[in-house]
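Biologist: I want to know what stands behind the labels. Take me through them one at a time.

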Amino acid sequence: VAFIYNGVAWALLGWVNTYLQESGGISPLLASSMVTLFYVGLTSGRFACAAVAERLKYGQMLLVLAVGTVVSYPLVIFGQSPLLVALGLILSGLFMSGLYPTALAYANSLFPALAGTVVSTMSLAMTLGTMLPPWWTGVIAEAWSFQAAIASNYLLLIPLLWIAVTLLRWEGHTRQVG
């Protein structure tokens, strides 16, 4: 979850400005302001997630966040207007905002005696996410197109959905057994 969250977010933040300028003929000022919209969504999402997370179980929260990200991210990739792309960026930030904190809280609740190891492992995953997806985004953009490059990171969301569904099922199973 940490790798996927950071990978998709950093690839998007690192390349959206160039992607928008090349694909839509958007002014550099408008394109660069789109990054701010992602952060508006991210900040708003952190507050919303904190309020909602108390009522939901970790698996439910991760599933809501994963589905929201899967639904909103295509607006960034396929948005035909700057308004749709802006909406996609805000919503992507909103839903992605709680992925890491929820996964961290969940992992620490499962392994409280290993909290330091959990945090370190997730930090390593986030570091790799910061490096690899932005790199392959650049490679794919140069070989094909920015739209293909941004879309390639959408493929990371498939394992995210699988992880969320698996954790939700596992969470339900452990409540029945425990």
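The talk below sets values against definitions.

Modeller: This is a predicted model, where local features need pLDDT of at least 70, side-chain atom pairs count only at pLDDT 80 or more, and totals for chains, interfaces and linings use all residues. Residues are numbered from 1 along each chain as its sequence is written, and side-chain values use heavy atoms, with hydrogens and water left out.

Biologist: Why is Tyr73 called buried?

Modeller: Buried means under 20% relative accessible area, exposed means over 50%, and partly exposed lies in between, with a 1.4 Å probe and protein chains only. Tyr73 has 0%, so Tyr73 is buried.

Biologist: And why does Tyr154 count as partly exposed?

Modeller: Tyr154 has 24% relative accessibility. That value falls in the in-between class, so partly exposed is the label.

Biologist: What makes Tyr73 and Tyr154 a stacked pair?

Modeller: The structure holds four aromatic pairs. In one of them, Tyr73 and Tyr154 lie 6.0 Å centre to centre, with 15 degrees between the planes. Rings of Phe, Tyr and Trp (its six-membered ring) pair if their centres lie within 6.5 Å; planes under 30 degrees apart count as stacked, over 60 as edge-to-face and the rest as tilted. Both values pass, so this pair is stacked.

Biologist: Which helices does the pair link?

Modeller: Tyr73 sits in helix H3 (residues 58-78) and Tyr154 in helix H7 (residues 146-154), 81 residues apart. Helices are DSSP runs of H or I, at least four residues, numbered from the N terminus.

Biologist: Helix H7 also holds Ser152. Why is Ser152 called buried?

Modeller: Ser152 has a relative accessible area of 16%, so the buried label applies.

Biologist: What does the side chain of Ser152 reach?

Modeller: One of its polar atoms lies 2.6 Å from the backbone oxygen of Ala149. Ser152 also touches Trp136 and Ile140, not counting residues up to four places away in sequence. Contact means heavy atoms within 4.5 Å.

Biologist: Where is Ser97, and why does Ser97 count as buried?

Modeller: Ser97 is in the loop between helix H4 (82-96) and helix H5 (99-110). Its relative accessibility is 0%, so Ser97 is buried. A polar atom of the Ser97 side chain lies 2.7 Å from the backbone oxygen of Leu94. Ser97 touches Leu42, Gly45 and Arg46, again leaving out residues up to four places away in sequence.

Biologist: Last one. Why does Leu132 count as partly exposed?

Modeller: Leu132, in helix H6 (residues 115-143), has 34% relative accessibility, so partly exposed is the class.

Note on methods:
Helices (H or I, at least four residues) and strands (E, at least two) are DSSP runs, numbered from the N terminus. A polar contact is a pair of N or O atoms within 3.5 Å; within protein, one must be able to donate a hydrogen and the other to accept it, and residues adjacent in sequence count only if both atoms are side-chain atoms.
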